[in-house]
Amino acid sequence: MTNFLRIALLVGAGLACGGIFGQQTQWKPHDMSRPAPTVIDPGVASTQDVVGRAPSDAVMLFDGKDLSAWAQKDGTPAKWKVGNGYFETVPKAGYIYTKKAFGDCQLHVEFATPSPAVGQGQDRGNSGVFLMGLYEIQVLDSYNNKTYADGSAAAVYGQYPPLVNASRPPGQWQTYDIVFHAPKFGADGKVARKARVTVFHNGVLVQDNVEIQGTTSTAKPEYNAGPEKLPLALQDHNHPVRFRNIWVRELLTE
């Protein structure tokens, strides 16, 4: 991901949700006493052959060495296979979940679907990134592979097809850069603000601040009151999809 894209993501997130770049009427324009943004190292983007470096304020969820940041749903160690700088789904091993919970965040995920491609439609390079373990951004080999639009790569599964198909061929590393804002619930337990998500697939905007209608794993999306933060999850869909260089930045929003 380019530095320009990182800046765009951060500015967009701040403007949308009243973060550090949002409206703060106590400050006059160009006020030199206004607190300056925190200085960070923005990191370096990956190439096909070399893994990039995350921003200095990111939480690393996979650094190429082990799955210590992840676990099975029951809390036991993650059973997926770690390879040379990546890890891979083990069919029928089950989803894996981050040990730490997250709400509003910027999430970076790199993945590669199997090469040569096997199967077609949903039975080809299928996995998923689950925000809060509830809202799926589909992972699929969508390169010359026809399926239903709201189940293709980078779809908000069952709700929003991507704006374009930006998929690379199977075997090549691909990126998702996701800005997610968690739902908010009122004292009555009803949803006061639905979750929203923006997704860049291989640097291309494919989900533009869309409003998630509820859980994506059911035909009838719904919201149920719960914690402000929950673990992220990766889906085991019985396909050996690989992942690398996963990091997350928690967003400070109102």
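Is Ser142 buried or exposed? Here are some notes on that and on a few other spots, bearing in mind that this is a predicted model.

1. Let's start with Ser142. With a relative accessible area of 3%, Ser142 is buried. You'll find Ser142 in the loop between strand E8 (135-139) and strand E9 (174-181). Leaving aside residues up to four places away in sequence, Ser142 touches Ser152, Ala153, Asn165 and Ser167.

2. Now for the overall picture. The chain's secondary structure comes to one helix and 15 strands. Of the 254 residues in the chain, 45% are buried. If you take the contacts with a separation of 6 or more, 64% of them are between residues 24 or more positions apart. The chain exposes about 12,800 Å², and carbon and sulfur atoms supply 55% of that area.

3. Asp104 is worth a look. This residue sits in the loop between strand E5 (96-102) and strand E6 (105-112). Asp104 is buried but has no salt bridge. What Asp104 does have is a polar side-chain atom 2.7 Å from the backbone nitrogen of Ala182.

4. On the surface, check the nonpolar patch formed by Leu163, Val164, Val204 and Leu205. Together these residues have about 310 Å² of accessible area. One of them, Val204, belongs to strand E13 (residues 204-211). Val204 counts as partly exposed because its relative accessibility is 35%.

5. A few backbone details deserve a check too. Most residues other than glycine have a negative phi, and most peptide bonds are trans. Against that background, the peptide bond from Ser115 to Pro116 is cis, with omega near 5 degrees. Pro116 lies in the loop between E6 and strand E7 (127-131).

6. Two residues have a positive phi although neither is a glycine: Met132, at about 55 degrees, and Asn238, at about 65 degrees. Where do you find Met132? Look in the loop between E7 and E8. Asn238 is in the loop between strand E14 (230-234) and strand E15 (242-250). As for burial, Met132 is buried, with a relative accessible area of 5%, whereas Asn238 counts as partly exposed at 39% relative accessibility.

Conventions:
Residues are numbered from 1 along each chain as its sequence is written. This is a predicted model: local features need pLDDT of at least 70, side-chain atom pairs count only at pLDDT 80 or more; totals for chains, interfaces and linings use all residues. Side-chain values use heavy atoms; hydrogens and water are left out. Helices (H or I, at least four residues) and strands (E, at least two) are DSSP runs, numbered from the N terminus. Buried means under 20% relative accessible area, exposed over 50%, partly exposed in between (1.4 Å probe, protein chains only). Lys and Arg count as positive and Asp and Glu as negative; His and the chain ends are not counted. A salt bridge is a side-chain nitrogen of Lys or Arg within 4 Å of a carboxyl oxygen of Asp or Glu. A polar contact is a pair of N or O atoms within 3.5 Å; within protein, one must be able to donate a hydrogen and the other to accept it, and residues adjacent in sequence count only if both atoms are side-chain atoms. Patches are made of residues with over 30% relative accessible area and no salt bridge: like charges are joined within 9 Å, nonpolar side chains (Val, Leu, Ile, Met, Phe, Trp, Tyr) within 5 Å. Accessible areas come from the Shrake-Rupley method with a 1.4 Å probe; for residues, only the protein chains shown count as cover. Contact means heavy atoms within 4.5 Å.
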